[in-house]
Amino acid sequence: MIILESSIGNYVYSKGKKYSYFGGNNYLGLASHPLVKEAVIQSVKKYGINFSASRRTTGTASIHLELEKQLSVFKGKQDAVVFASGYQGNSILLEILKDKYSIVLADQLAHASIMAAIPRERKMICYDHCDADNLDKQIGYNNISRPLVITDGIFALTGEIAPLDKIYSVVKKYKGILVVDDAHSTGILGKTGKGTPEHFNLPESENIFQTETMSKALGGYGGFITGDKLLTELIREKSATYQASTALPPPVVAAGIASLKIIHDNPDLRTQLLWKASNLRKQIAGLGFQTTTDNTPIIPLMFSSSDKAKNLSFLLEENGILVPFMNYPSKKEMHLLRIAVTVSHSTAQTNILLRKLKKWIEKNGKE
Ligand SMILES: Cc1ncc(COP(=O)(O)O)c(C=O)c1O
């Protein structure tokens, strides 16, 4: 296991050794951006480390309100509510919406936080991965009224984008609710980085919800949900998870505010990232590796067994390149290495990775 001894960037240090880094989710390089770090330092000077109380009691500070305002502006929504983690977002939302749906239909490969969020007393059906026709059949066959359909926007392991256009057509047909966990899409997909619904030009609808996080493209930490005031007030008034956990700490809040400003001022970060990711994905597929095709910063190298995947990850590590073998909770067994592209990766750096991958496939063959 790699134990980090540095911040994360193009390179990291572990046990005194320098590694070219393709892990994590720091897609826009904001986790150690100088402006973000400065904002964090100033916030600690002013507020210390922790407000040490829940938002409901004495833990709400002016910077929480500022962050929520900036998030709502970024998303073009009336309001935003922040809480301890992206993982919690799905539980908070499914709990709050409980009266509005009868059954949950989740993508077969939905993230662990989605599976954990389904209320115990609610029935859950998995539909085939990214398959809107199967979703339609499952709802029709089971005669479901008021379905809640939930999926990742970008899938964390494979980098696939859920076909939300087709999924939303099915949701509309059955007068259901669509929830998108956009942990990996926020700040990345869509014309203004609002995520998967914007990527597919879905209409503004009271039946589409997103759960999001500041821990990936935004480089910080903490979950959030945006929407109209009715929704955000419901969360503030009814969610035990929101009410009974300690408010986000000042450095985390300050990081969120600073990152949002950088994203707003530099829309080219997103375009450059997707351009780099697209080039690298094409070259990796060209070498003969099994990968996926959607243009996202997550490029998997997929294998039929874990031995080959582990062997490649180990060999890269020996050569000073970190591409993690993913041993991660999922309903389907997958044997893959996950390359996370960031906007700051240089061509020279990706070329070194490509040379090592080429050498490996020449020796070990294609899948
Ligand atoms: C799809 C998805 N949802 C939710 C989460 C949880 O987000 P966070 O780590 O910010 O709590 C993750 C990240 O691991 C994720 O990949």
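A polar contact is a pair of N or O atoms within 3.5 Å; within protein, one atom must be able to donate a hydrogen and the other to accept it, and residues adjacent in sequence count only if both atoms are side-chain atoms. The structure discussed here is a predicted model, in which local features need pLDDT of at least 70 and side-chain atom pairs count only at pLDDT 80 or more, while totals for chains, interfaces and linings use all residues. Residues are numbered from 1 along each chain as its sequence is written, and side-chain values use heavy atoms, with hydrogens and water left out.

In the side chain of Ser215, an N or O atom lies 2.6 Å from an oxygen atom of the ligand. A polar side-chain atom of His184 is likewise 2.6 Å from a ligand oxygen atom, and the side chain of Asp181 places an N or O atom 2.6 Å from a nitrogen atom of the ligand. The protein buries 87% of the 390 Å² that the ligand exposes when taken alone, with accessible areas from the Shrake-Rupley method and a 1.4 Å probe.

Around the ligand stand 14 residues, of which Asp181, His184, Thr213, Ser215 and Lys216 come nearest; a residue is near a molecule if one of its heavy atoms lies within 4 Å of it. This shell comprises four nonpolar, seven polar and three charged residues. In this classification Ala, Val, Leu, Ile, Met, Phe, Trp, Tyr, Cys and Pro count as nonpolar, Asp, Glu, Lys and Arg as charged, and the others, Gly among them, as polar.

The space taken by the ligand is the largest pocket; a molecule sits in a pocket if more than half of its atoms lie within 2 Å of its grid points. On a 1 Å grid over the protein atoms alone, a pocket is an open set of points with protein on both sides within 12 Å along at least five of seven lines, a cavity is a set where a 1.4 Å probe fits but cannot get out, and lining residues have an atom within 4 Å of a point. The largest pocket holds about 1000 Å³ of space. Its lining has 36 residues, and Gly24, Asn25, Pro324, Met326 and Tyr328 are the closest to its centre. By class, the lining divides into 17 nonpolar, 12 polar and seven charged residues. The largest share, three residues, comes from β8.

The largest cavity contains about 110 Å³. Leu109, Ala156, Leu157, Ser330 and Met334 lie nearest its centre, among 12 lining residues.

Cys130, a residue other than glycine, has a positive phi near 55°. Asn201 also has a positive phi, near 50°.

How values were computed:
Points joined across faces, edges and corners; volume = space filled by probe spheres on them. Helix = DSSP H or I, 4+ residues; strand = E, 2+ residues; numbered from the N terminus.
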